[in-house]
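Visitor: I have a structure to go through with you. Please take my questions in turn.

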Amino acid sequence: MGLLGKFMGNAPAKKATDDILLLMAMMMMSSADGVLEGSEIAALEQYINTLPEYKDNPNFDKQMAEARKAMSKFPRPRDAIKALGDISSPAVKKKTFVLAADIAMSSGEVDEAEEELLEAMQRVLGIDDHMANEVVMVMALKYAT
């Protein structure tokens, strides 16, 4: 046991809550290709302003700080994807996938980095192929021109 452990104990680090992990996922997808496009920022802001986890939440700044802190524990944002497996609610897991797909498609085209990230999220979140295909089909209709 190290010097700090003698006084602080060996308690594991507090796991991020579902609302923080959902926010992380949206941030990851918004920056998946290394560029934050206006449409992706707009989609992220829209969700922050409308989702019950964040809308009118006086603690949103704290949630955002916690999401950034949780992301900073990983060398690359893509490495943070494993943390999404800690989402406890099946409904939030599905919501996370839907919102990630929406953000990815909001720019009008999905690049390889976004495609790979969405597929990795599907696996980590335990989204079956049927549901994933349905979500992507609906989003494709949403963004069809």
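Visitor: Which residue makes a polar contact with the side chain of Gln122?
Guide: Bear in mind that this is a predicted model. Gln122 sits in helix H6, residues 112-125. Its contacts beyond four places in sequence include Phe97, Ile127, Asp128 and Ala132. The polar contact, side chain to side chain at 2.8 Å, is with Asp129.

Visitor: Is Gln122 buried or exposed?
Guide: The cut-off for burial is under 20% relative accessible area. Gln122 has 15%, so it is buried.

Visitor: How do H5 and H6 run relative to one another, roughly parallel or roughly antiparallel?
Guide: Helix H5 covers residues 90-105, and its axis lies 10 Å from that of H6. The angle between the two is about 175°. Angles over 145 degrees count as roughly antiparallel. Therefore H5 and H6 are roughly antiparallel.

Visitor: What classes of residue make up the contact of H5 with H6?
Guide: From H5 come Lys93, Thr96, Phe97, Ala100, Ala101 and Ala104. By class, the contact has 7 nonpolar, 2 polar and 2 charged residues.

Visitor: How many of the 13 residues of H2 are buried?
Guide: The buried ones include Asp18, Ile20, Leu21, Met24 and Ser30. Helices H3, H4, H5 and H6 are among the elements that cover them. H2 is largely enclosed by the rest of the structure, because the buried count is 12 of the 13.

Visitor: What span should H2 have, and how far apart are its end C-alpha atoms?
Guide: H2 runs over residues 18-30. The expected span is 1.5 Å times one less than the number of residues. For the 13 residues of H2 that gives 18 Å, and the end C-alpha atoms agree, at 18 Å.

Visitor: Which side chain is joined to that of Gln63 by a polar contact?
Guide: Gln63 is found in helix H4. At 5% relative accessibility, Gln63 counts as buried. Beyond four places in sequence, its contacts include Asp19, Ile20, Leu23, Glu53 and Tyr54. The polar contact, at 3.3 Å, is with Asn57.

Visitor: What is phi of Asp56?
Guide: Asp56 lies in the loop between H3 and H4. At 70% relative accessibility, Asp56 counts as exposed. Most residues other than glycine have a negative phi. In Asp56 phi is positive, near 55°.

Visitor: What separates the C-alpha atoms of Leu36 and Ser107?
Guide: Leu36 is found in the loop between H2 and H3. Leu36 is partly exposed, at 49% relative accessible area. Along the chain, Leu36 and Ser107 are 71 residues apart. Their C-alpha atoms are separated by 9.8 Å.

Visitor: Which residues does Leu36 contact, leaving aside neighbours within four places in sequence?
Guide: Contact here means heavy atoms within 4.5 Å. On that basis, Leu36 touches Ser30, Ser31 and Ile41.

Visitor: How many helices and strands does the chain have?
Guide: Read along the sequence, the pattern is α-α-α-α-α-α-α. The count is 7 helices and 0 strands.

Visitor: What share of the contacts with a separation of 6 or more lies between residues 24 or more positions apart?
Guide: The chain has 145 residues, of which 38% count as buried. Among contacts with a separation of 6 or more, the share from residues 24 or more positions apart is 77%.

Conventions. Residues numbered from 1 in each chain as written. Predicted model: local features only at pLDDT ≥ 70, side-chain atom pairs only at ≥ 80, totals over all residues. Heavy atoms only, no water. Helix = DSSP H or I, 4+ residues; strand = E, 2+ residues; numbered from the N terminus. Buried < 20%, exposed > 50% of the residue type's maximum accessible area, 1.4 Å probe, protein only. Polar contact = N/O pair within 3.5 Å; in protein donor to acceptor, adjacent residues only side chain to side chain. Axes fitted to C-alpha atoms, helices over the stretch in contact; angles between N-to-C directions. Parallel < 35°, antiparallel > 145°, perpendicular 65-115°, else oblique. Nonpolar A, V, L, I, M, F, W, Y, C, P; charged D, E, K, R; others polar.
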